[in-house]
Amino acid sequence: MKKLAVIYHSAHGHTEHIASHIAQGAATVAGMEVHVLKASELTAAPEALLQYDGVLLGSPTYLGGVSGVFKSFMDATGKMWRTQQLKGKLAGGFTVSSLPAGDKQSTLMAMFTFCMQHGMVWAGNAIIPEQQSGVPYEEAANRLGSWSGMMAQAGHGAPSDDFAAGDVKTARLFGQGFAETLLRLR
Ligand SMILES: Cc1cc2nc3c(=O)[nH]c(=O)nc-3n(C[C@H](O)[C@H](O)[C@H](O)COP(=O)(O)O)c2cc1C
């Protein structure tokens, strides 16, 4: 069995909803044990990360970056950096924001840099946008066209589960793809 942690912060439930679908997608892969964890809880005990082979990081985009709560979690791992305790773990990232672009890319880049500093191995989101093969935009996997990580868009003030079907599909495929990559690593 490989162990995968889906670690997220979510103030209003959107990122939590996407994290849940990512975890469900990953759990469809035989041999994968998936845990969904709140970043705020790991901030107090980041050593809990050591038990995982892979980590998927999720934050809402706040002002073009990760949320303060998620940054606190990242900073809490600083003491693990010196001895590179997280080195070699497979990592990836996802973010939710309300605007079509919304500077989500900056959030993924912050996660990427964090993982590189820890010596982790980054996996992206290798899905060709399905609207290019005729699937309606709202239903298309990777409709937002993000390869460096997974992006989803939630309408401003919308209910936490109010996502385009394409974003939910993307989340599941992203989780599944990440888990399959993790299984291939020795
Ligand atoms: C402080 C703050 C900053 C935000 N900054 C952005 C932003 O830069 N781009 C954007 O598209 N949405 C931005 N948003 C909207 C959130 O990304 C959006 O509401 C998201 O769905 C929240 O996720 P959550 O429900 O998991 O907390 C911001 C929201 C807050 C509260």
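**Note on the predicted model**

1. Of the 186 residues in the protein, 45% are buried. Here a residue is buried if 20 or more other C-beta atoms lie within 10 Å of its own, exposed if 12 or fewer, and partly exposed in between, with C-beta atoms placed from the backbone. The model is predicted: local features need pLDDT of at least 70, side-chain atom pairs count only at pLDDT 80 or more, and totals for chains, interfaces and linings use all residues. Residue numbers start from 1 along each chain as its sequence is written.

2. Overall build. The protein contains 6 helices and 6 strands, where helices (H or I, at least four residues) and strands (E, at least two) are DSSP runs numbered from the N terminus. In sequence order the pattern is β-α-β-α-β-α-α-β-α-β-β-α. The radius of gyration is 15 Å, close to the 16 Å that the globule rule gives for 186 residues, so the protein is as compact as a globular protein of that length. That radius is taken over C-alpha atoms, and the globule rule is 2.2 Å times the number of residues to the power 0.38. Along the principal axes, the C-alpha atoms fill a box of roughly 50 × 35 × 25 Å.

3. Contact range. Two residues are in contact if their C-beta atoms, placed from the backbone, lie within 7 Å. Among contacts between residues at least 6 apart in sequence, 77% join residues at least 24 apart.

4. Nonpolar core. A nonpolar core is a set of buried Ala, Val, Leu, Ile, Met, Phe, Trp, Tyr and Cys residues joined through C-beta atoms within 7 Å. The largest one holds 49 residues, and those touching the most other members are Leu4, Val6, Ile7, Ile22, Ala26, Val55 and Leu56. Helix α6 (residues 165–184) supplies the largest share of this core, 7 residues. Leaving aside neighbours within four places in sequence, Val55 has contacts with Ala5, Ile7, Leu49, Lys89 and Ala91.

5. Lys169. This residue is in helix α6. Lys169 counts as buried because it has 21 C-beta neighbours inside 10 Å.

6. Helix α3. The buried residues Phe70, Phe73 and Met74 belong to helix α3 (residues 68–76). Seen down the axis of α3, its buried residues fall within an arc of 100 degrees, so they line one face of the helix. The arc is that of the directions from the helix axis to the C-beta atoms. The cover over these buried residues includes α2 (39–44), β3 (54–60) and α5 (104–117).

7. Glu41. Helix α2 is where Glu41 lies. With 11 other C-beta atoms within 10 Å, Glu41 is exposed. Glu41 and Ser59 are 18 residues apart along the chain, and their C-alpha atoms are separated by 14 Å.

8. Ligand shell. There are 19 residues around the ligand, and His12, Thr15, Pro60, Ser97 and Gly102 come nearest. A residue is near a molecule or strand if its C-beta atom, placed from the backbone, lies within 6 Å of it. Both α1 (14–27) and β4 (90–97) supply at least two residues of the shell, and α1 gives the most, with 3 residues. By class, the shell has 7 nonpolar, 10 polar and 2 charged residues. In that count Ala, Val, Leu, Ile, Met, Phe, Trp, Tyr, Cys and Pro are nonpolar, Asp, Glu, Lys and Arg are charged, and the others, Gly among them, are polar.

9. Pro60. This residue lies in strand β3 and is buried, with 26 other C-beta atoms within 10 Å. Not counting residues up to four places away in sequence, Pro60 touches Ser10, Ala11, His14, Thr15, Ser67, Thr95, Val96 and Ser97.

10. Backbone points to check. Most residues other than glycine have a negative phi. Leu63, in the loop between β3 and α3, has a positive phi near 50 degrees. Leu63 counts as exposed, with 11 C-beta neighbours inside 10 Å. Gln84, in the loop between α4 (78–81) and β4, also has a positive phi, of about 50 degrees. Gln84 is exposed, with 12 other C-beta atoms within 10 Å.
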